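Please look over the sequence and the structure before reading on.

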Amino acid sequence: ALDPKRQTTYVKKGIALYRIGKPLEAIPLMDKAIKLNRRSEIWLWWPLYHKGIALGLSGDFSGAIAAFSESIKINPATNNLFARAMAYTNVGKFDKAREDIKATIKISHNDSYYHGAARYIEVLDEGDKYIKRVEKEKGAKLMPSGLIYFELKKGQGRSPKASDTVKANYKGTLPDGAVFDSSVDRGPISFPLNSVI
């Protein structure tokens, strides 16, 4: 039950909601917890951090970055920095993500955060090298978002709109060629274009 005078009850219920896949319902609870904070400014980092998680889970990465940034001003801890780094990667701000990851490594007293952050820097570096190599390949087309694609076979007919559902086969690989997902083995899938990357 929510205690209208206690910040912790709102934060805990919000955490429970985003953990069961209801991040949009968690956000107003975190806002209420922020308004209810009567202890001291140091306690504001907690609902701000969890608001950032809920915003990120709902797809609002800019909002998540803003919430994590406010939380970091109060408590520049590894969980805040690492969470903001992940949000930065979702909006393509890899340099900002690197800064937060390096800060995470510098202050980390937790081996799992340290090793996870160190590995993430390696992954970003590998990705940068891969992109620089691929964008020079014949037929590579670079989009303003940074997406690089190749037209393997020209399609015929009308182009789908973002709201259209399409049927497609795809294969996702890592820079080393390892396949991480493929519909080729399972058969084509159908999805609305505006619900995928």
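In which helix is H115 found? H115 is found in helix α7, which covers residues 111-134. The structure is a predicted model, in which local features need pLDDT of at least 70 and side-chain atom pairs count only at pLDDT 80 or more, while totals for chains, interfaces and linings use all residues. Residues are numbered from 1 along each chain as its sequence is written, and side-chain values use heavy atoms, with hydrogens and water left out. Helices (H or I, at least four residues) are DSSP runs, numbered from the N terminus.

**Helices α1 and α3**

- Helix α1 (residues 7-19) packs with helix α3 (residues 45-57) at an angle of about 20 degrees, and their axes are 10 Å apart. Axes are lines fitted to C-alpha atoms, for helices over the stretch in contact, and angles run from 0 to 180 degrees between N-to-C directions.
- The two helices α1 and α3 are therefore roughly parallel to each other (angles under 35 degrees count as roughly parallel, over 145 as roughly antiparallel, 65 to 115 as roughly perpendicular and the rest as oblique).
- The crossing in which α1 passes α3 is left-handed, a term used if the near helix is turned anticlockwise from the far one by less than a right angle.
- On the α1 side, Q7, T8, V11, K12, I15 and Y18 meet W46, P47, H50, I53, A54 and L57 of α3. Contact means heavy atoms within 4.5 Å.
- By class, this contact of α1 with α3 has eight nonpolar, three polar and one charged residues. Ala, Val, Leu, Ile, Met, Phe, Trp, Tyr, Cys and Pro count as nonpolar, Asp, Glu, Lys and Arg as charged, and the others, Gly among them, as polar.

**Helices α5 and α6**

- Helix α5 (residues 78-90) and helix α6 (residues 94-107) have axes that come within 8 Å and cross at roughly 160 degrees.
- That angle makes α5 roughly antiparallel to α6.
- The crossing of α5 and α6 is left-handed.
- From α5, the contact is made by T78, L81, F82, R84, A85, M86, Y88 and T89; from α6, by F94, K96, A97, D100, I101, A103, T104 and I107.
- The classes in the contact of α5 with α6 are 10 nonpolar, three polar and three charged residues.

- The expected span of a helix is 1.5 Å times one less than its number of residues.
- Residues P23, A26, I27, L29, M30, A33 and L36 of α2 are buried (buried means under 20% relative accessible area, exposed over 50%, partly exposed in between, with a 1.4 Å probe and protein chains only).
- These buried residues of α2 pack against α1 and α3.
- Helix α4 (residues 61-74) also has 14 residues, and from its first C-alpha to its last it reaches 20 Å, close to the 20 Å expected at 1.5 Å a residue.
- In α4 the buried residues are G63, A64, I65, A67, F68, S69, S71, I72 and I74, and what covers them includes α3 and α5.

**Single residues**

- T9 lies in helix α1 and counts as buried at 16% relative accessibility. T9 and P23 are 14 residues apart along the chain, and their C-alpha atoms are separated by 16 Å.
- F94 is found in helix α6 and is partly exposed, with a relative accessible area of 33%. Leaving aside neighbours within four places in sequence, F94 is in contact with T89 and L124. F94 and L124 are 30 residues apart along the chain, with their C-alpha atoms separated by 7.4 Å.
- D95 is also found in helix α6 and is exposed, at 57% relative accessible area. From D95 to T78 there are 17 residues in sequence and 18 Å in space, C-alpha to C-alpha.
- H115 is exposed, with a relative accessible area of 52%. H115 and D164 are 49 residues apart in sequence and 42 Å apart in space, C-alpha to C-alpha.
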